[in-house]
Protein chains: 2
Amino acid sequence: MRDTRTEILEIGEMLIRTKGYHSFSYADIAKTLSIKNAAIHYHFPGKSDLGTTILQSLINNVELLKETCKEYSATDKLLRFIEIYDNSKMLDRVCIMGALSPCIDTLPEQMQLKLKEIAELLLKWLNDILQEGKKNQEFHFNENSIDKANLIVSSLLASLLLNKVLNNGVFESIKQSIFESVQISK
Amino acid sequence: MRDTRTEILEIGEMLIRTKGYHSFSYADIAKTLSIKNAAIHYHFPGKSDLGTTILQSLINNVELLKETCKEYSATDKLLRFIEIYDNSKMLDRVCIMGALSPCIDTLPEQMQLKLKEIAELLLKWLNDILQEGKKNQEFHFNENSIDKANLIVSSLLASLLLNKVLNNGVFESIKQSIFESVQISK
DNA sequence: TTGCTTACTTACTAATAAGTAAGTAATATT
DNA sequence: AATATTACTTACTTATTAGTAAGTAAGCAA
């Protein structure tokens, strides 16, 4: 038997990434779990508490993944980084940045800050990976690594969005471009 | 004295691109224009009528811009294409794809179709520009032009989103990358 | 001058939203 | 055995939503 609090968080995350923060309600979660509306308020008094907790748990997941990859080669780290987006693609979801950044101004302040934290965390991690790979000759590129990290995160994020609209091969096409742009073959 | 219908469309577009489709209400528009809620229903019976009309007018604008650029060089066409995003950046807005694609499944069907139309229109136009520029030696790149168009649109779209979150130089950084990737200097 | 259309307002409905207060049954603590 | 805590439900409030029906004032058309 699953823990209700955890299930609320997972369904909430799914709803944010499939419908958006403003388009789901406590009633959606309640229906899915066959509990009452107020049960969710018991675990998360306000919607912003739920939203903030979901974002924090995503931050924790990235930190954990980062720790797991610590000893990997830069190439394998990059592969694991891109896997985050692969997983989203497989589930036909967008990433959290894609889901929330368009309406960041309408989010509770705590959520805005957490979203910033996620963006900075991902960009910094990717930048570290790129620098390491360049230093030890795994990757080959001329641009500075911050610009490159910006470009990679942007294009991954947006290809998930475009994929939802067009259902074409844009995600795979982008992934290929990324590998070519750092000159690793896989 | 302005035309109310046109003003509703313009404010509606602004609201979609700053707050999102589900986060604005007829009341928001009514307040801004100092008219009553029902006046908007007179011009646009349902919210989906308003949304669909806004998307159609954006399609018309792109078609018009395309026509205007007809005789330009490929380089100038590309500059005008990117100007669409420059304008968004200046106003601290995201583009319509960035605003609506994350929650496309929650939009009225007519709006979903119009959004697809916009995505296809932009990608096709950019692809044409890239092919023309490659053919006449204005641009130099090895990838196929469809992949390149995907990458450029994706990164422009996402850099507007990231810019809202981080307020850093990501948009300018991406723009520079695009120019370099087709090897034009400006 | 009578009637019709345009562009609204007034006043409303029904649905849904987030949120709360009070009660309850089961479990854990002392 | 008595008490407190956990995890809810029941029943509710208040606010906001999209949407509608009926009325009106101004302008034009026959």
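Predicted model: local features only at pLDDT ≥ 70, side-chain atom pairs only at ≥ 80, totals over all residues.
1. Residues are numbered from 1 along each chain as its sequence is written, with chains lettered from A and ligands numbered from 1 in the order in which they are written.

2. Staying with DNA strand D, which residues of the 16 around it come nearest? They are Thr4(A), Lys36(A), Ala38(A), Ala39(A) and Ser25(B). At least two residues each come from H3 of chain A, helix H2 (26–33) of chain B and H3 of chain B. By class, this surface has eight nonpolar, six polar and two charged residues (nonpolar: Ala, Val, Leu, Ile, Met, Phe, Trp, Tyr, Cys, Pro; charged: Asp, Glu, Lys, Arg; polar: the others, Gly among them).

3. Now turn to DNA strand C, which is surrounded by 16 residues. Ser25(A), Thr4(B), Lys36(B), Ala38(B) and Ala39(B) are the closest. Helices H2 (26–33) and H3 (37–43) of chain A and helix H3 (37–43) of chain B give two or more residues each. H3(B) gives the most, with four residues. The classes here are eight nonpolar, six polar and two charged residues.

4. The contact between the protein chains takes 36 residues from chain B and 36 residues from chain A (two residues touch if their backbone-placed C-beta atoms lie within 7 Å). On the side of chain B, helices H6 (96–100), H7 (109–135), H8 (145–166) and H9 (170–181) give two or more residues each. H8(B) supplies the largest share of that side, 13 residues. By class, the side of chain B that touches chain A has 17 nonpolar, 13 polar and six charged residues.

5. Leu157(B) is worth a look in your viewer. Apart from neighbours within four places in sequence, Leu157(B) is in contact with Ala158(A), Leu161(A), Cys95(B), Met97(B) and Gly98(B).

6. As for chain A overall, it has nine helices and zero strands. Its C-alpha atoms fill a box of roughly 55 × 35 × 35 Å along the principal axes. Of its 186 residues, 39% are buried (20 or more other C-beta atoms within 10 Å; exposed is 12 or fewer, and partly exposed in between). Among contacts in chain A with a separation of 6 or more, 63% join residues 24 or more positions apart.

7. Is H8(A) enclosed or open? Since 19 of its 22 residues are buried, H8(A) is largely enclosed by the rest of the structure.

8. Finally, have a look at Lys135(A), which lies in helix H7 (residues 109–135) of chain A. Lys135(A) is exposed because 11 other C-beta atoms lie within 10 Å. Lys135(A) and Leu100(A) are 35 residues apart along the chain, and their C-alpha atoms are separated by 34 Å.

Notes: Near = placed C-beta within 6 Å.
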